[in-house]
Amino acid sequence: MTTPDDDGWQPLPRRARTLFMLGNGLGFGLVALGSLIPIGLLLRDTQWLALGLALASLVLLPGFGLWLAHRQFRHARWLLDDTGFGWRRGRLWHAETRVPRTRVQHVDLKRGPLERRFGLSTLVVHTAGTRDSAVAVQGLDAADAERLRDRLAQQVDDDDGHFAGAGDVDA
């Protein structure tokens, strides 16, 4: 279990960092591998330069991906309060998404093989509005994700019951 910040925002569990690093490390590693062909083709006359750039690409790009994943993990926070759900991420490019509880339509949990291995889940909060309106939060502790899903679903049920009775008039 993680400790909330002073303002109530919850960090992701430490084991989620591994998932972030695997995703970014592999992604940037594939980009590095893909860069070998253009480097080889463009610099075929100067093989020593091509070899140097290829090695730099194979080391620096995955290294950058790992650094970026660590930063993304460190600056990801979630919040559930009486007004709804919040998802905050980033430091240089800070983004915060707030979903008022009245806009929540339904909530899903997803668990891929790696998430199951690390005891993590992805919470998907579907909102009222345009098509593809959803907030997905990866790397949540599985127990936290289930608790969030249940609490958000309960808020939706409470709001539905409140609004259904709002128009009733006793004669």
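Residues 24 or more positions apart account for 51% of those contacts in the protein that have a sequence separation of 6 or more. The model is a predicted one. Of the 171 residues of the protein, 34% count as buried. The protein contains four helices and seven strands, and their order along the sequence follows the pattern β-α-α-β-β-β-β-α-β-β-α.

The helix pair H1 and H2 was examined next. Two packed helices are described by the angle between their axes and the distance between the axes. Helix H1 spans residues 16-42 and helix H2 spans residues 47-74; their axes come within 8 Å and cross at roughly 160°. Because angles over 145 degrees count as roughly antiparallel, H1 is roughly antiparallel to H2. The crossing in which H1 passes H2 is right-handed. The residues of the contact of H1 with H2 comprise 20 nonpolar, eight polar and one charged.

The largest nonpolar core is made up of 23 residues, and those with the most contacts inside it are Leu12, Trp78, Phe85, Trp87, Leu123, Leu140 and Leu152. Both helices of the pair, H1 and H2, are among the elements that give two or more residues to this core; the others are strands S2 (77-81), S3 (84-89), S5 (104-110), S6 (120-127) and S7 (134-141), together with helix H4 (142-166).

Two of these core residues, Leu123 and Trp87, were followed individually. With neighbours within four places in sequence left aside, leucine 123 is in contact with Phe85, Leu140 and Leu152, and also with Val107, Asp108, Leu109, Val135, Ala136, Val137, Ala145, Leu148 and Arg149. Tryptophan 87 is placed in strand S3 and is buried, because its relative accessible area is 8%, under the 20% limit. Not counting residues up to four places away in sequence, tryptophan 87 touches Trp9, Leu12, Ala76, Arg77 and Trp78, as well as Ala95, Glu96, Thr97, Val135, Ala136, Val137 and Gln138. Along the chain, tryptophan 87 and glutamine 10 are 77 residues apart, and their C-alpha atoms are separated by 9.5 Å.

Two loop residues were also considered. Glycine 90 lies in the loop between S3 and strand S4 (95-100). Its relative accessibility is 26%, so glycine 90 counts as partly exposed. Glycine 90 is 14 residues from alanine 76 in sequence, with a C-alpha to C-alpha distance of 6.6 Å. Serine 133 lies in the loop between S6 and S7. With a relative accessible area of 17%, serine 133 is buried. Leaving aside neighbours within four places in sequence, serine 133 is in contact with Val125, His126 and Thr127. Serine 133 and valine 104 are 29 residues apart in sequence and 10.0 Å apart in space, C-alpha to C-alpha.

In helix H4, arginine 151 was examined. Arginine 151 counts as partly exposed, because its relative accessibility is 33%, between the 20% limit for buried residues and the 50% limit for exposed ones. Apart from residues up to four places away in sequence, arginine 151 touches Leu80, Asp81 and Asp82. The C-alpha atoms of arginine 151 and aspartate 81 are separated by 9.9 Å, although the two residues are 70 apart along the chain.

Methods:
Residues numbered from 1 in each chain as written. Predicted model: local features only at pLDDT ≥ 70, side-chain atom pairs only at ≥ 80, totals over all residues. Heavy atoms only, no water. Axes fitted to C-alpha atoms, helices over the stretch in contact; angles between N-to-C directions. Parallel < 35°, antiparallel > 145°, perpendicular 65-115°, else oblique. Left-handed = near helix turned anticlockwise from the far one by under 90°. Nonpolar A, V, L, I, M, F, W, Y, C, P; charged D, E, K, R; others polar. Core = buried A, V, L, I, M, F, W, Y, C linked by side-chain atoms within 4.5 Å. Buried < 20%, exposed > 50% of the residue type's maximum accessible area, 1.4 Å probe, protein only. Contact = heavy atoms within 4.5 Å.
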